[in-house]
Each structure stands twice: as C-alpha cells, then as structure tokens.
Amino acid sequence: MTADTVLRDEGERFGRYLIGDSVSPMLVDRYVSAMRSMHVLPEGRDRRLLGLVERHPWLLGVVDGGLALRRPGSVIRTKLLVMSAILEATPDYTSAFLPTRRARIYVVYAAFVGIRAGCKGLIGALLVSLI
Amino acid sequence: MDVADFIVVGSGNTGAMAAQTLLEGGATVTMLDVGRVDTTYRDLIPDADFVTIRAGDPGQHRYFLGDTFEGIPASTVSTGAQLTPPRAHVSELVARFLPVLSDTFRPQESLAYGGLGNAWGAGCCVYSDSELREAGLEPARMRSAYQTVADRIGISGAQDDATPYTSAGLTGLQPPPDLDETCSRLYRRYTAKRNGLRTRGVSIGRPALALLTKDQGERKAFAYRDMDFFSDRDRSVYRPWITVDALKSDPRFRLVDGVLVLRFEEQADAVEVFGLDVRTGERTIHRARRLVLASGALGTARIVLRSLGSAGHTLPVLCNPYSYIPCLQPGLVGTEVAPRKMSLAQLAIFHDPDGTNADVAMGSVYSYRSLMLFRILPQAPIDFVDARILMRYLMPAITIVGIHHPERPGPGRSLRLETFADSPTSDRLIADYSLSDVELRRNADRERLMIRSLRSLGVWAIKRIQPGMGSSIHYAGTLPFAADGRPYSLRADGRLAGTGSVSVADGSGFRYLPAKGLTLSLMANAHLVAQEALRRG
C-alpha cells in the first residue's frame, strides 16, 4: 500500500470513529493533505498502536481514552485532533460541534458519557502500557 | 526624497501613535517596518457571524484551520498558540529574524504591519498615579496623553467598579458593548454580593475597550459576530494599521516596508539607520534628523545593544506573570447560545488588597465561542468522542478568566545578545526569566483569592493553566527610566541616555509593569515621547 492509501484508510477510520458515520472523500483528502503538511510520523509504540487500531478499529475509543490519560501528546491523539478539526470546520458537521439547548434530563446522558469515558480511559491506559 | 525629520521604527501601537503626533506637529516622518500582512485569508472571511459562517461556508476550513493547518496548534498552552490563521502573520518571520534562546522565557514578538496590535484584545486601562510614578511616568502629563489617545482610537466603557482601574478621568467614551448571557449572569451576581467582595479587595466591572459601539468615520459599530480574532473587516476594534493607513495619505509621511532595523549611528547633524531588507537580504541605510524607536521592549533592546557596540551587556526585562483559568457556570450548562457574541473580554476582575489602586492584579473574563472545540478538546483527559459530546454540552457555561500579575524588576530576569551565525542578523537574544518563591506564592495566593471570589458568584474553576513567562505578551523595562543618564536607560522624555537624537517610544523605559493591560499606557507614553522629540526640534 502507498503512504497515501494508508493515510486515506486512516482518515476514513478516524472520521467514522469521531462522528459515527463515513466521511466524504473530500474530507479524507484534506486529512491526507494535513498529515503531509504537519509531518506527523508515528514511531515505536505509536506505530504499534496504529497497527492495533487498524486491525481492530473497535479498540480506537479505548486507545484514545488511554492515551488521553497516559500520553496526551501522542501521534494518534494528534491525528485524531486533526481529523476532529477538519470535521468541525465543515458545514455538514457544524451541528455536531456547536452547542445546542438540552433538556434537563440530558444531564443523565452526560453523566453516562462521563462514566463511559472514565472506563475507556482506565482500560485504555492499561492497554497502552502493555503495547 | 529629502532627509526626513524623523524616522519611526515599527508600525505597532506605539509607532503609530508616535508617528501621528509627529505629523500633527508638522514634522516629516519615515516609518521603517517589516510590515507583514495577511493576504491569504482576509478576503475569504464572509461578512457574517460565526454561526452563519459555520453552517454555510464550505471554505471555512481555510481560515479556521489554515492552508497548511497552522491553526491546529501542537500545544494549546504555549505563547501565541491561540493565534488564528488570519492572525498568524503576526508571528511570521519572527523565528528567523528575531531568534530568542531561553528555557524560561517564551516571548511573542511581531514583524507584522501593525505589530502585536493585530492580536491585541483591545483592553484599555489607565494606570493610577502611584503606578505611573513607580513606572517612571509623570502622572499629570500621562492623564492628558491618555485622553488624546482615547480620542484617536475610540474607546467604549461603562461607569462602574472597574472604572478606577480602566478609564478614570477619560471623557467621551462610547457606550459599552452588550454583555452576553454568560457574563451578564456573573455581573448580576456580583452586583448582589458586591459589598462582601469589595471588603476582600475584589471588584468586577466592564472593561474599557478600544472598540466602537457607534459608527465613527469609516469605522463601523461593533456587530457582535464573534469573529473578532479572525477579521477586522468593519474596523470596529482599533488596530494600529488603521492609524498608519490614514497617515499614508499625508505627503509628509512615508512608509518603507520590508525593512528590519538592525542598528543606528548618530552623525553630527543626522542619525543613520541600518536595516536589512527581509525580502532580498540586502543591507539598507536610511537617514533622518532624529530617530524614534518603537519596536517593542525586546526589539528596541536588540537595536540599542547593537548600536552601542555592547552586545554582551545584560539588560533587565519585565513581563507580567500570566495564568488562565477555564471556569464553568453550572446554571448555564446545556443552554442555547445567543447568536450575538463577542470574542473580547466582557468583564474585568481586579484584586486591590488595600484599595489604593497601587498593586492590583487583573483578570479578564471571556466567554467567546469562536475558539472552536478542537482547541480545547485535547485539554480534556478523555477520548475525543466523549470529549466532544461533553464539551458541546458544557460550552455555553464555559468562561475563561485570564489573570495578569503586576511585575517589578528582580534578579534572574535579563536579556543579552550573543553572536549567532545562523540568523540573518548574526545574533540572537539570550533571555532568562525566573520568579522568586515569594513572588510565585504571592501570585498563587492572588489567583486562589480570585478563584474563591468567582466561586462565590457561581463560577467554578476547572483548572489553572500557566503557559509560562512571556505568554502575557506584555514586555517592558529593558532600558528603564533613570534621571542620572546612566548607560542603557531613558531620560524622562524618552531620550536614550548617551544619545542626542534617539528616543524610545515603546515600553522599554517602564520600571514597573502593573497588571492592568499596558497598551493604552504604551500609546500615551509614545505620544508624549513624540511631543518631546518635536519640542527639541
């Protein structure tokens, strides 16, 4: 596979992870372009972690949460930040990023999300330390 | 062209004010400036508010992220990390032409047209008489100069508890901009608990801002688009290039851009200024009868050290210690954000422990949304998906308080030049900046008191972030005012000691740096320095 193909696959995977849906080829191209501009190169443990989430995309959330706790400046987190920024600066996804009025009961969901994030972080931290 | 009466170095807030005063006094002026401008993004930004742009402009990624994705910061807490792509030209070429080596001091300098004024938050504060005296400035003359500058740049503000710290004595202010729900809620609670807080030395009020709330000439009233750190299209926020643009229509004014001034030499009847053309690398020479340096405290230090032939000499430096504190108002979680917003500070909080307005810490309260989530998501110690869901929910309740502390000279704060072959200027600044344990404790105590005060108003601090020395972007005190004319000092009139025709119009002379925003005082001092230079003829 060429480097661009790898980045394209990675962009699609990260986009789907972040927004829960496949993203357009235009945004994937933008991600590839960003990676080329920013020279974000994985080495060592980051390369192994990228390989892991490539084989098991369902682990991405756990790895992301673990890295947020253990190594927030890691290459995978940087790549996810770039894809998140690209999605945020796209009209199609504006509603996923701008605040909106929520019913009071939403606090229950927010608490659930917070607990979920904590669990992912703890499991992920353990996983990251093993890789 | 004939030899100008004055060369002014720099087009930032102080250079613009000095040049205007010199021209109004009948002099001819040549302004030397590197003058980087943003030509990439400025015309891409629609004349619309943040939400409309976000929902409708397919090209928004260019100015929100940047063509080379420079708007996605590697670190969100370093100096200058909050510069948006349309403001990135503020720091363009700086690393190459103004290198600084330091582990403890990370300054932000600028070679842009308008200098650091392009990224100014527009906060205006007058110093109290005691602050002015300690800084080496003459109170009566500064009061008059404050008014002159206020009339030139246009200031809006209110009469409230912030007034003694921001706009005391100023007349002709425009009405303050409207508060959004986040800040008006905080202000209402402060009003209810005002007496208790004032007894602890804490006051909150509306900041004075270099922002028009009514049309003034070609400048338009503020439109609450929340795009203030992206676009200056309506010119409602004052930027120094507005003044320089206006000066260009005067035939006695000439702007020479692309020139980085390296040093000067005084002659019998003139001063020669040696520069570097940043586009071609060629050396340039410019002559005038007098020279006014307005390159900022660090830029002027470089020029003076080179000119006086003593690069290894150590100069003092002052910089306000700075922290910022993301806070939450729980009552606003999950609420809707009104479309009318502003990115500038809406409230100011002051800690004046003995009520003398002499040793005051200042916090600026922001609740802007155009920061965009990607700039804060990495701060959350959780995965991006859940961070986005939670931050989106919390965003309407997020308030950011930036706290500046006053700063006095002390050991461990110094600059010097050293030879550096890799720089086009053949040198670089070596800087050290450290605070004593006593100072660190004092600042931490102040921040804790402000945090407690905010908590009593329903504003909960999430964390305290200290981006490091240099991040306040307030620099001064490299050539402190001294009456005895000692080397590397300024006379009260701004003249560089040991010279007859060189004045310094930036903050190099300030012997003390109050926590209150210094820009208005810098401009007022620049006006006075220019007046004195005119008077000497």
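R104(A) sits in the loop that joins α6 (94-97) to α7 (106-130) of chain A. Is R104(A) buried or exposed? R104(A) is exposed, because 8 other C-beta atoms lie within 10 Å. The cut-offs are these: buried is 20 or more other C-beta atoms within 10 Å of the residue's own, exposed is 12 or fewer, partly exposed is in between, and C-beta atoms are placed from the backbone. T90(A) is 14 residues away from R104(A) along the chain, and their C-alpha atoms are 29 Å apart.

A word on the source. This is a predicted model, in which local features need pLDDT of at least 70 and side-chain atom pairs count only at pLDDT 80 or more, while totals for chains, interfaces and linings use all residues. Residues are numbered from 1 along each chain as its sequence is written, and chains are lettered from A and ligands numbered from 1 in the order in which they are written.

Now chain A as a whole. It has seven helices and zero strands. Its radius of gyration is 15 Å, close to the 14 Å that the globule rule gives for 131 residues, so chain A is as compact as a globular protein of that length. That radius is taken over C-alpha atoms, and the rule is 2.2 Å times the number of residues to the power 0.38. The C-alpha trace of chain A spans about 50 × 40 × 20 Å along its principal axes. Of its 131 residues, 39% count as buried.

Next, where the chains meet. The contact takes 38 residues from chain A and 35 residues from chain B; two residues are in contact if their C-beta atoms, placed from the backbone, lie within 7 Å. Which helices of chain A supply at least two residues each to the side that touches chain B? They are α1 (3-19), α2 (25-38), α4 (60-70), α5 (75-88), α6 and α7. By class, that side of chain A has 21 nonpolar, nine polar and eight charged residues. Nonpolar here covers Ala, Val, Leu, Ile, Met, Phe, Trp, Tyr, Cys and Pro, charged covers Asp, Glu, Lys and Arg, and the others, Gly among them, count as polar.

On to chain B, which comes to 14 helices and 21 strands. With 537 residues, a compact globule would have a radius of gyration near 24 Å, and chain B has 22 Å, which agrees. Buried residues make up 56% of chain B.

One part of chain B is an open sheet of six strands, in the order β5-β14-β15-β16-β13-β19, with antiparallel pairing. Two strands pair if DSSP finds at least two bridges between them. β5 and β19 (460-461) are at the edges with a single partner strand each, so one side of each is left without a neighbour in the sheet. β19(B) pairs with β13 (residues 322-328) of chain B over two bridges, and A461(B) is the bridge partner of C327(B).

Further in, β15(B) is mostly covered, with six of its six residues buried. A361(B), G363(B) and V365(B) point one way, while M362(B), S364(B) and Y366(B) point the other. β15(B) pairs with β14(B) over five bridges, where L347(B) stands opposite V365(B). β15(B) also pairs with β16(B) over five bridges, and there Y366(B) has I400(B) as its bridge partner.

What packs against this part of the chain? The buried residues of α8(B) pack against α9 (194-199), β5 (202-205), β14 (347-351), β15 (361-366) and β16 (398-404) of chain B. Those buried residues are T182(B), C183(B), R185(B), L186(B) and Y190(B). They cover an arc of only 160° around the axis, which puts them on the same side of α8(B); the arc is that of the directions from the helix axis to the C-beta atoms. On the other side, R188(B), T191(B) and A192(B) are exposed.

Last, α13(B). Its buried residues are N443(B), R446(B), E447(B), M450(B), S453(B) and L454(B). After α13(B) comes G458(B), whose phi is positive, near 85°.

Notes. Helix = DSSP H or I, 4+ residues; strand = E, 2+ residues; numbered from the N terminus.
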